Each structure stands twice: as structure tokens, then as C-alpha cells.
Amino acid sequence: MGVSPFRPAWALLLLGLTFPAAVQAQETGNAGVSGEADFNMYCASCHGEDGKGGGPKAFGLSKPVPDMTTLTARYGSFPKDRLARLIDGRDPIEGHVDREMPVWGVWFKEEAAAELGGAEGDESSVARRVENLIGYVETLQTAP
């Protein structure tokens, strides 16, 4: 039985289709993680998978975990800038002395540094992850 001349062509085609995606995923690291994936990984344990605040780690906190599905209704418009500061956490917010929510900006920066072989960390990847996370939270908003 002879070797088909089309096998190498198919192999090259498949390699060509999968290789750029693999390289892109490797280059973007966690910055390429979707907002939904980050929400499920980092936020759902307190805010719940549905964003309503009933996550398993929400119990025992000093304050109730906010319902993330009603932010637009509570603030009159979706509070992107406020959320960015809360999620990133590296800039203190007036009136918020005690913070039980983790400082995700530091966490994402440390992950970026680890992906860069111990380099300082990539602020643009931190900003993208926070932005992706906010975009996902915006999709959770319920109609008033």
C-alpha cells in the first residue's frame, strides 16, 4: 500500500490552522482569559456563579457580598470606573478602609510576572483582565 500524497498536505494544513492559535494563546497568557472565566475562578466563590452574592465563601464576611446583577439599577448606569478601582484594588477608595475583597490587581500582576519569567509584570495585561471581568459583570445586569 502506497503513501498518499495528500497526508503531508493535510498535516501541514492542520498544523497551520492550530499553530498560530497556540502561539497567540501562549503570548497573551492569562490576559487572554475571558472575563467569564476570571469571574468563575476568582469572584464566584463569594459573589456566586449567578453574581447574586450567594457564593460558598460569602458566609462569615463582615458585610454582605453585593449582588453584581443590580449594579446598573443601583447606580443609574453601569459603574465601570468604580468597578475597575474596586477590582484592581491598588488605589484606595474613599470611605473603604477595611477591605475583605482581595486586591485582584496585585494578583493579576503577580501572575503576569510569573508568565514573563519573573519580570516586573505587564500592566497592560492586568488592565485587559480587569476590563474583561467588568465586561462580563456588565452582561449579568438584570433589567430594572
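Helix α2 carries a kink of about 50°, centred on methionine 41. The bend at a residue is taken as the angle between axes fitted to the seven residues ending there and the seven starting there. The model is predicted, so local features need pLDDT of at least 70 and side-chain atom pairs count only at pLDDT 80 or more, while totals for chains, interfaces and linings use all residues. Residues are numbered from 1 along each chain as its sequence is written, and side-chain values use heavy atoms, with hydrogens and water left out.

Between its end C-alpha atoms, α2 covers only 14 Å, whereas a straight helix of 13 residues would span 18 Å at 1.5 Å a residue. The expected span is 1.5 Å times one less than the number of residues.

The protein chain as a whole has six helices and zero strands. Its order along the sequence is α-α-α-α-α-α. Helices (H or I, at least four residues) and strands (E, at least two) are DSSP runs, numbered from the N terminus. Of the 144 residues, 29% count as buried. Buried means under 20% relative accessible area, exposed over 50%, and partly exposed in between (1.4 Å probe, protein chains only). The accessible surface comes to about 9,600 Å², and 61% of this belongs to carbon and sulfur atoms. Areas come from the Shrake-Rupley method with a 1.4 Å probe; for residues, only the protein chains shown count as cover. Among contacts between residues at least 6 apart in sequence, 42% join residues at least 24 apart. A contact means heavy atoms within 4.5 Å.

The buried residues of α2 are Gly35, Asp38, Phe39, Tyr42, Cys43, Ala44 and His47. They pack against α5 and α6. Phe39 also belongs to the largest nonpolar core, which holds 18 residues; there Phe39, Leu83, Ile87 and Val137 touch the most other members. Two or more residues each come from α2, α4 (80-88), α5 (104-115) and α6 (123-139). Helix α6 gives the largest share, six residues. Such a core is a set of buried Ala, Val, Leu, Ile, Met, Phe, Trp, Tyr and Cys residues joined through side-chain atoms within 4.5 Å. Beyond its neighbours within four places in sequence, leucine 83 contacts Met68, Leu71, Phe78, Ile134 and Val137.

Histidine 47 lies in α2, which runs over residues 35-47. With a relative accessible area of 11%, histidine 47 is buried. Its side chain reaches the backbone oxygen of proline 66 at 3.2 Å. Apart from neighbours within four places in sequence, histidine 47 contacts Phe39, Lys52, Gly53, Gly54, Gly55, Val65, Pro66 and Met68. Just after α2, glycine 48 adopts a positive phi of about 80°.

Arginine 90 sits in the loop between α4 and α5. It is partly exposed, at 30% relative accessible area. Not counting residues up to four places away in sequence, arginine 90 touches Val103, Gly105, Val106, Lys109, Glu123 and Val126. Threonine 142 lies in the segment after α6 and is partly exposed, at 38% relative accessibility. Leaving aside neighbours within four places in sequence, threonine 142 contacts Thr69 and Thr70. Its C-alpha atom is separated by 8.2 Å from that of alanine 73, 69 residues apart along the chain.

Notes:
Polar contact = N/O pair within 3.5 Å; in protein donor to acceptor, adjacent residues only side chain to side chain.
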